[in-house]
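Please look at the sequence and the model before reading on.

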Amino acid sequence: MGLLAAAILPPIPQPLSYHEFIDQRSFLGIPNFFNVISNLIFLVVGVAGLVFLRHVLVLPSQKTFTALSECWPYVIVFLSTILASVGSAYYHWQPDNNTLFWDRLPIATGIMGLLAATMTERIGVKQGLQWLPVLLIIGAASVIYWYWSELQGVGSLNFYIVVQVYSILLIVLLAILFPSRYTRGRDIYVVISLYGLAKLAEILDEEIYHFGQIISGHMVKHLLAGLAVYWILRMLKKRRLAERFDQAD
């Protein structure tokens with residue numbers, strides 16, 4: 001339904017005003033300093049996530065995963081977070097559609113990784129892992145199509161928007177309808193809420209900046225989105241196999 005609507009509705013181009021962030025202060029020779037440097041949070045949590053997953057693989061006696069193959073969607077999540085730190089810093093250094101592509105691509109794959117992880121934990125490991133490459137292709141294709149359409153002079157965000165919105169909604173729907181095999185299952189709601197607040201802060205970029213002219217809404221977006229990824233890592237560290245599934249085993 002969503003993809004059909006995206007194909008039928010008039011194309012939504014990327015507004016050039018999107019690149020005009022309120023905080024354009026430079027420091028140490030870095031343009032848009034705070035929007036660039038705040039991407040460090042993605043680098044830190046992404047590396048911390050991969051280090052933790054490596055620790056789990058070395059010590060499989062830990063209860064984070066019942067099957068080690070379940071870690072692959074989270075490898076995508078944390079690796080995408082690291083790539084987003086680079087892509088987003090590159091974009092904010094010189095904001096335009098060309099650099100925005102490298103910002104959006106890892107964000108799309110990261111969300112798809114989280115969707116696949118949710119499927120493995122709530123529907124089945126086999127189903128989630130089978131869908132992982134398909135979802136990654138869909139996420140990447142939505143960004144590639146947007147960028148290609150901009151190059152053709154008929155920019156269309158339609159598919160990118162639909163894929164992003166439906167992915168988030170599907171994660172929430174899976175969380176509501178299917179219990180997780182692990183404890184800390186409700187943490188996914190915190191992750192989605194933080195991401196939602198991050199998107200709200202992005203919209204309120206100028207309003208937040210004018211409240212003291214210290215940090216902008218876009219910088220707050222980076223911090224909240226980084227916190228959302230950290231909450232995923234926190235969930236993995238704290239969770240164990242749920243008692244009802246442990247008893248079934």
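Searching the whole structure gives 1 cavity of 30 Å³ or more. On a 1 Å grid over the protein atoms alone, a cavity is a set of points where a 1.4 Å probe fits but cannot get out. Grid points are joined across faces, edges and corners, and a volume is the space filled by probe spheres set on the points. The model is predicted: local features need pLDDT of at least 70, side-chain atom pairs count only at pLDDT 80 or more, and totals for chains, interfaces and linings use all residues. Residues are numbered from 1 along each chain as its sequence is written, and side-chain values use heavy atoms, with hydrogens and water left out.

The largest cavity holds about 70 Å³ of space. Its lining (residues with an atom within 4 Å of a point) consists of Tyr74, Thr118, Glu121, Arg122, Ser180, Tyr182, Thr183, Arg184, Gly185, Ile188, Met235 and Arg239. Helix H5 (residues 97-122) gives the most to this lining, with 3 residues. Helices here are DSSP runs (H or I, at least four residues), numbered from the N terminus. By class, the lining has 4 nonpolar, 4 polar and 4 charged residues. Ala, Val, Leu, Ile, Met, Phe, Trp, Tyr, Cys and Pro count as nonpolar, Asp, Glu, Lys and Arg as charged, and the others, Gly among them, as polar.

## The largest pocket

A pocket is an open set of points with protein on both sides within 12 Å along at least five of seven lines. The volume of the largest pocket is about 830 Å³. It is lined by 40 residues, and the closest to its centre are Ile107, Ile111, Gln164, Tyr195 and Lys199. Two or more lining residues come from each of H4, H5, helix H7 (158-177), helix H8 (187-203) and H10.

H5 gives the most to the lining of this pocket, with 8 residues. The lining divides into 25 nonpolar, 10 polar and 5 charged residues.

## Helix H4 and its partners

Helix H4 (residues 71-93) packs against helix H10 (residues 217-238) at an angle of about 165°, with their axes 11 Å apart. Axes are lines fitted to C-alpha atoms, for helices over the stretch in contact, and angles run from 0 to 180 degrees between N-to-C directions. H4 is therefore roughly antiparallel to H10, a term for angles over 145 degrees. On the H4 side, the contact (heavy atoms within 4.5 Å) is made by Tyr74, Val77, Phe78, Thr81, Ser88 and His92, and on the H10 side by His218, His222, Val229, Ile232, Leu233, Met235 and Leu236. These residues divide into 8 nonpolar, 5 polar and no charged.

H4 also packs with helix H6 (residues 125-151): the axes come within 9 Å and cross at roughly 25°. The two helices are therefore roughly parallel, as angles under 35 degrees are called. Trp72, Pro73 and Ile76 of H4 meet Leu129, Leu132 and Leu136 of H6. This contact has 6 nonpolar, no polar and no charged residues.

## Leu136 in H6

Leu136 is part of helix H6. Apart from neighbours within four places in sequence, Leu136 is in contact with Ile76, Thr109, Met112 and Gly113. Leu136 and His210 are 74 residues apart in sequence and 38 Å apart in space, C-alpha to C-alpha.

## Helix H3 against H10

Helix H3 (residues 40-58) and H10 pack at an angle of about 15°, their axes being 9 Å apart. H3 and H10 are therefore roughly parallel to each other. Among the contacts, residues including Ile41, Phe42 and Val45 in H3 meet residues including His222, Leu223 and Ala225 in H10. By class, the contact of H3 with H10 has 13 nonpolar, 3 polar and 1 charged residues.

How values were computed: Angles under 35 degrees count as roughly parallel, over 145 as roughly antiparallel, 65 to 115 as roughly perpendicular and the rest as oblique.
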